[in-house]
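Q: Please take the labels used for this model one by one. Set each value against its definition.

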Amino acid sequence: MKFENLDIQTQDRIAILTITRPSKLNALNKETIKELHKAFEMLDSDKDVRVIILTGSGEKAFVAGADIAEFAKFSMKKGARLAEKGQEILFDFVENLSTPVIAAINGFALGGGLELAMACHFRISSDNAKMGLPEVSLGVIPGYGGTQRLPQLVGKGRAMEMILSASMIDAKKALEYGLVNEVVTQEQLMEVCKKMAAKISNNSPVAMRYAIKSVNAGFKYNINGYKTEMEAFGICFGTADFKEGTTAFLEKRKADFPGK
Ligand code: COA
């Protein structure tokens, strides 16, 4: 599939998905959001892709936000629809994807860019990165899950400060806050992410799918996370991956999981 604003490179069961609008600091316009949906859907259904790394092109930005030029003239109705549709096809979609997604934050991750990074399963950042939710400085609020996912990751007080001040934090502070798991130099970023992805790619794709589902369940007000975990735990016992994983352990060999 050919994409206008994305590039996909797949090697050793790891897909690197890059947003390629560097002249606009990889800002998320409607087209890019649609393409990201298609790309994630395609990679998730590819049984040979076990991990996805999401990053931005160029040395300056991961994603500098939703495309301000595109939504500046929206009505209330169109604004609400923008948030709803974006959540459905991209942000919630990524958060609930079966395939693990690592955000490789290589520069500015602002507004929708930070929201996208937060929808990924975890984040590794370069030391030049700057993160923030500057929406209130534009007269709007974060609309792609930022008011929910930021407090989940950093705590309510820190999230309130970031959202209300509209200011950016650097990578060091993001690490201290737990917003990113690791900070490395920009040169090391992709290698470190690939190394982590390689480790993950050896694990059972089916078990990882249920692990993601169970962790996410704990953050939904209308779902009992413990119940989800118990059910998913039971389901694992009926899978070929479980048979292979336990057999390999007992036979003292490396497991070779059948796949998604
Ligand atoms: N939407 C649309 N275009 C954006 C954008 C966004 N969120 N962020 C950056 N761009 C565009 C700029 O308009 C500029 O385009 P141009 O060259 O055609 O004028 C280009 O990307 C480069 O950005 P520029 O502002 O010149 O770079 P800078 O180094 O001076 O500043 C930022 C970098 C990230 C501080 C600045 O671009 C910025 O504040 N962006 C908006 C961040 C934001 O508020 N995001 C939340 C949106 S809800």
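A: Two strands pair if DSSP finds at least two bridges between them. Strands (E, at least two residues) and helices (H or I, at least four) are DSSP runs, numbered from the N terminus. This is a predicted model, where local features need pLDDT of at least 70, side-chain atom pairs count only at pLDDT 80 or more, and totals for chains, interfaces and linings use all residues. Residues are numbered from 1 along each chain as its sequence is written, and side-chain values use heavy atoms, with hydrogens and water left out.

Q: What makes β1 and strand β2 a pair?
A: DSSP finds 6 bridges between β1 and strand β2 (residues 14–19), in the antiparallel sense. At least two are required, so they pair. Within this pair, Gln11 stands opposite Ile14 in β2.

Q: What is the strand order of the open sheet?
A: The 6 strands run β1-β2-β3-β5-β7-β10, with mixed pairing. β1 (6–11) and β10 stand at the edges because each has a single partner strand; one side of each is left without a neighbour in the sheet. The twist averages 20° from one strand to the next, with axes as lines fitted to C-alpha atoms (for helices over the stretch in contact) and angles from 0 to 180 degrees between N-to-C directions.

Q: Which strands pair with β7 in the parallel sense?
A: Strand β5 (residues 101–105) does, over 4 bridges. Strand β10 (residues 182–184) does too, over 3 bridges. Ile105 stands opposite Ser125 in β7, and Ser126 stands opposite Val184 in β10.

Q: How do you know that β7 is mostly covered?
A: Buried means under 20% relative accessible area, exposed over 50%, partly exposed in between (1.4 Å probe, protein chains only). In strand β7 (residues 122–126), 5 of its 5 residues are buried. In a regular strand the side chains alternate between the two faces of the sheet. Phe122, Ile124 and Ser126 are buried on one side of β7, and Arg123 and Ser125 on the other.

Q: Is Asp46 buried, exposed or partly exposed?
A: Asp46 has 30% relative accessibility and therefore counts as partly exposed. Asp46 is in the loop between α1 (30–44) and β3 (51–56).

Q: What stands out about phi in Asn26?
A: Phi of Asn26 is positive, about 60°, although Asn26 is not a glycine. Most residues other than glycine have a negative phi. Asn26 is in the loop between β2 and α1. At 0% relative accessibility, Asn26 is buried.

Q: Why is Lys252 called exposed?
A: Its relative accessible area is 78%, so Lys252 is exposed. Lys252 lies in the segment after α11 (240–250). Phi of Lys252 is also positive, near 55°.
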